[in-house]
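Hi there,

Here is the structure I promised to pass on to you. Have a look at it first, and then read my notes below.

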Amino acid sequence: MSGALERPAVVSRVSDLIGRTPLLELAATETGSRLLLKLEMFNPTGTAKIRMARAMIDAAEAAGELRTGGRIIESTSGNTGLGLSVIAAERGYTFTAVVDHHAAADKLRAMKALGAELVYVDADNDGGELHTAAREELAEDMARDEDNAVFTEQHNNPANAVGYFSVAHELAAALDGDLDVLIGAVGTGGGLCGTGRELAKLITGFTTIGVEPKGSIAFGGPAHDYFQSGTGTPEGAEIGALVDFDLIDEGVKVGDVEAFATCRSVARTGLLIGGSAGGVVHEALNRLPSLPPGTTMVALINDGGEKYLDTVFDDDWMAERDLLAPDVERAVDEQLGKLRGNR
């Protein structure tokens, strides 16, 4: 397993550090089933999405759509933008991130620090609403009106999914084919479906479970606002072309309260995970005890919790939005305590 996860001792570019992220056994049952977390926060920028950011730029360059001195434009809640900021800085491109105030403030500050230009679709509105459709429309318009500019369009870009093929190879190598359940968040669809598509070439017989926030519409309604950022399909936005329902055996929804309570509970084990990852872990923990003996379940943890210290891990922010739920946190604490004792 160690060989699959080793990184070069010395690299020459930040992007050379992408991938080879570790697996952490978070919990196990008395019957030998275990929950492993694929910790994508060990990528540069602390997120999985730098994998697909690099793949999208590689594809744009190969197609001749992006040339020396060009501009990259993307609609982003933050993590994709962070990845594109790094790749743009390395290759000498300008990157314009079309954003709204729904994104975590630390993600926006980090993109700007990396040299990105931020363009807000709701500059006069600091209420935190999600404006995915408006962001994408503006990004498309900006790219259309400028020579040597490309809208990477992550929700419909096939290279998005290609960027995650490496995750499948890392899992297959690290686990020697011993993987029964793959569970992950569904936003653009690239992460879970790209990993699942490639993994099916390497391992047979595993089940894929997609998780989206309650209020998202990929797995049906009702639609309503939610606070998990960088995931799901909000009302008014089209389901991304990369969400391949033929590859997802089951789609489930997890509410903000449960997702964020799980983040806060997992933090007390020493690990900070992001908001949507909390939803994935919540669903995984609920399923783990009922799985057949000896099952290996892998949860894709797309980013760490450091970007959410002002939101998910801030009591005042949580309370103002009626998301603070000590009873739910205690329930997850008890669940984790029992399952971690079996490791």
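Predicted model: local features only at pLDDT ≥ 70, side-chain atom pairs only at ≥ 80, totals over all residues.

Two packed helices are described by the angle between their axes and the distance between the axes. Here the pair is α7, residues 165–175, and α8, residues 190–199. Their axes come within 7 Å and cross at roughly 50 degrees, so α7 and α8 are oblique to each other. The crossing of α7 past α8 is right-handed.

Which residues make the contact between α7 and α8? From α7 come Phe165, Val167, Ala168, His169, Leu171 and Ala172, and they meet Gly194, Thr195, Glu198 and Leu199 of α8. Sorted by type, the residues of this contact are six nonpolar, three polar and one charged.

Now for the cores. The largest nonpolar core has 44 residues, and Ile72, Phe95, Met111, Leu179, Leu182, Leu199 and Val298 touch the most other members. At least two residues of this core come from each of α2 (49–62), α3 (79–91), β4 (94–99), α4 (105–113), α7, α8 and β10 (296–301). Helix α7 gives the largest share, six residues.

Leaving aside residues up to four places away in sequence, Leu179 touches Leu171, Leu199, Ile203, Phe206, Thr296 and Val298.

Enjoy exploring!

Best wishes

Technical notes:
Residues numbered from 1 in each chain as written. Heavy atoms only, no water. Axes fitted to C-alpha atoms, helices over the stretch in contact; angles between N-to-C directions. Helix = DSSP H or I, 4+ residues; strand = E, 2+ residues; numbered from the N terminus. Parallel < 35°, antiparallel > 145°, perpendicular 65-115°, else oblique. Left-handed = near helix turned anticlockwise from the far one by under 90°. Contact = heavy atoms within 4.5 Å. Nonpolar A, V, L, I, M, F, W, Y, C, P; charged D, E, K, R; others polar. Core = buried A, V, L, I, M, F, W, Y, C linked by side-chain atoms within 4.5 Å. Buried < 20%, exposed > 50% of the residue type's maximum accessible area, 1.4 Å probe, protein only.
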